[in-house]
Amino acid sequence: MPVDPPLVFRFAPSPNGPLHLGHAYSALLNARFAAETAGRFLLRLEDIDPVRCRPDFERMALDDLAWLGLTWETPVRRQSEHCEDYRAALERLISAGFVYPAFLSRAQIKARAADPTWPRDPDGAPLYPGDEHDWSTARREAAIASGAPFAWRLDVARALAAVGQTLTWHESGAGPGGETGVIPADPARWGDVIIARKDIPTSYHLAVVVDDALQGITHVVRGQDLYFATAVHRLLQVLLGLPAPRYHHHRLILDAQGHKLAKSDGATGLSELRAAGWTARDVRAHIGLAEGS
């Protein structure tokens with residue numbers, strides 16, 4: 001009798017600061033789902049940002065996860081070691097005409113979007129104007145050759161026209177409004193998102209779908225703050241012929257003011273809690289994942 005392959009879960013932090021309670025919740029939940037289904041639990045380090053990601057943060061993250069009692073398969077996938085995988089995917093998108101070089105700076109985009117009626121993405125950022133849509137190939141090549149900074153952006157309208165189908169994903173968690181089940185994906189809400197940069201051959205959106213496919217991830221378990229981004233990921237998966245995992249977006253761990261914990265806001269790190277006398281059991285109880293619950 002054929003045996004079904006195990007389910008595969010992953011926790012994928014960026015080593016750009018100390019892990020906090022929100023990371024602990026996501027890591028422990030992924031590990032719990034893997035254990036309950038006799039599945040696999042992988043760790044991936046999303047370290048494509050060479051400025052913010054540092055070796056000391058990586059060591060701290062590995063120490064914190066081990067302190068929580070987690071174990072994972074090795075070797076750990078580090079995105080910085082797999083740029084060729086992302087470059088290959090990017091070249092496919094370029095060759096198919098689904099991305100274009102975009103040269104407007106953040107300041108220029110902000111100035112163009114000063115009108116309060118300018119469309120914005122689910123995170124509140126202004127959509128890219130798309131000035132370069134109608135540029136000729138010669139003009140684009142000349143601009144790149146000039147050395148001007150640029151980003152590769154997804155031509156979402158052209159991509160959706162090529163796909164020619166309604167995109168959905170399977171949600172076993174819940175969206176911000178409690179959405180679950182088969183969810184319609186609307187990548188157009190994000191406009192022409194960045195797929196790669198001049199100096200880095202990927203972005204979060206491209207790297208995550210490539211990594212999930214190469215690692216055989218069957219279930220993506222992550223925070224609700226990434227719920228709407230799933231629409232972009234589904235579009236990229238179809239364009240690149242990649243499998244679609246099932247998604248489970250979990251609740252966020254909030255601070256005393258009801259805000260999402262964030263490294264950039266100085267959320268208390270797990271290492272600080274450990275130094276203050278917290279135990280791994282204390283962390284599990286605090287975030288509602290006590291053993292046996």
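Begin by selecting Arg-44 and Asp-212 together, and you will find that the side chain of Arg-44 makes a polar contact of 3.0 Å with the side chain of Asp-212. Keep in mind throughout the tour that this is a predicted model. Is Arg-44 buried or exposed? Its relative accessible area is 0%, and because buried means under 20%, Arg-44 counts as buried. Leaving aside neighbours within four places in sequence, the residues in contact with Arg-44 include Phe-11, Pro-13, Val-76, Arg-77, Val-208 and Ile-217.

**The sheet around Arg-44**

Next, colour strand E2, which covers residues 40-45 and is the place of Arg-44. This strand belongs to an open sheet of three strands in the order E1-E2-E3, where the pairing is parallel. As a general point, strands of a sheet pair through backbone hydrogen bonds, either parallel or antiparallel. Strand E1 (8-11) and strand E3 (77-78) stand at the edges with a single partner strand each, so one side of each has no neighbour in the sheet. Between E2 and E3 there are two bridges, and if you select Leu-45 you can look for its bridge partner in E3, Arg-78. Now show helix H1 (residues 21-36), which packs on this sheet and touches E1 and E2, its direction making about 165° with that of E1.

**Two loops to visit**

Move on to Ala-38, in the loop between H1 and E2. Its phi is near 55°, which is a positive value in a residue other than glycine, and Ala-38 is exposed, with a relative accessible area of 64%.

**A second sheet**

Select strands E4, E5 and E8, which form an open sheet of three strands in that order, with antiparallel pairing. Which strands stand at the edges? They are E4 (99-102) and E8 (194-197), each having a single partner strand, so that one side of each is left without a neighbour in the sheet. As you turn the view from one strand to the next, the twist averages 30°. E4 and strand E5 (residues 151-154) run antiparallel and are joined by four bridges, and the bridge partner of Tyr-100 in E5 is Arg-153.

**A pair of helices**

Now select helix H3 (residues 83-95) and helix H8 (residues 230-240), which pack at an angle of about 80° with their axes 11 Å apart. The two helices, H3 and H8, are therefore roughly perpendicular to each other. To see the contact itself, show Ala-89, Arg-92 and Leu-93 of H3 together with Leu-236, Leu-239 and Leu-240 of H8. The residues of this contact between H3 and H8 divide into five nonpolar, no polar and one charged.

**Last stop: strand E9**

Finish with strand E9 (residues 219-223), where five of the five residues are buried, so the strand is largely enclosed by the rest of the structure. E9 runs parallel to strand E10 (residues 246-250), and five bridges join the two. To pick out one of these pairings, select Val-221 and look across to E10, where its bridge partner is His-248.

Key
Residues are numbered from 1 along each chain as its sequence is written. This is a predicted model: local features need pLDDT of at least 70, side-chain atom pairs count only at pLDDT 80 or more; totals for chains, interfaces and linings use all residues. Side-chain values use heavy atoms; hydrogens and water are left out. Buried means under 20% relative accessible area, exposed over 50%, partly exposed in between (1.4 Å probe, protein chains only). A polar contact is a pair of N or O atoms within 3.5 Å; within protein, one must be able to donate a hydrogen and the other to accept it, and residues adjacent in sequence count only if both atoms are side-chain atoms. Contact means heavy atoms within 4.5 Å. Two strands pair if DSSP finds at least two bridges between them. Axes are lines fitted to C-alpha atoms, for helices over the stretch in contact, and angles run from 0 to 180 degrees between N-to-C directions. Angles under 35 degrees count as roughly parallel, over 145 as roughly antiparallel, 65 to 115 as roughly perpendicular and the rest as oblique. Ala, Val, Leu, Ile, Met, Phe, Trp, Tyr, Cys and Pro count as nonpolar, Asp, Glu, Lys and Arg as charged, and the others, Gly among them, as polar.
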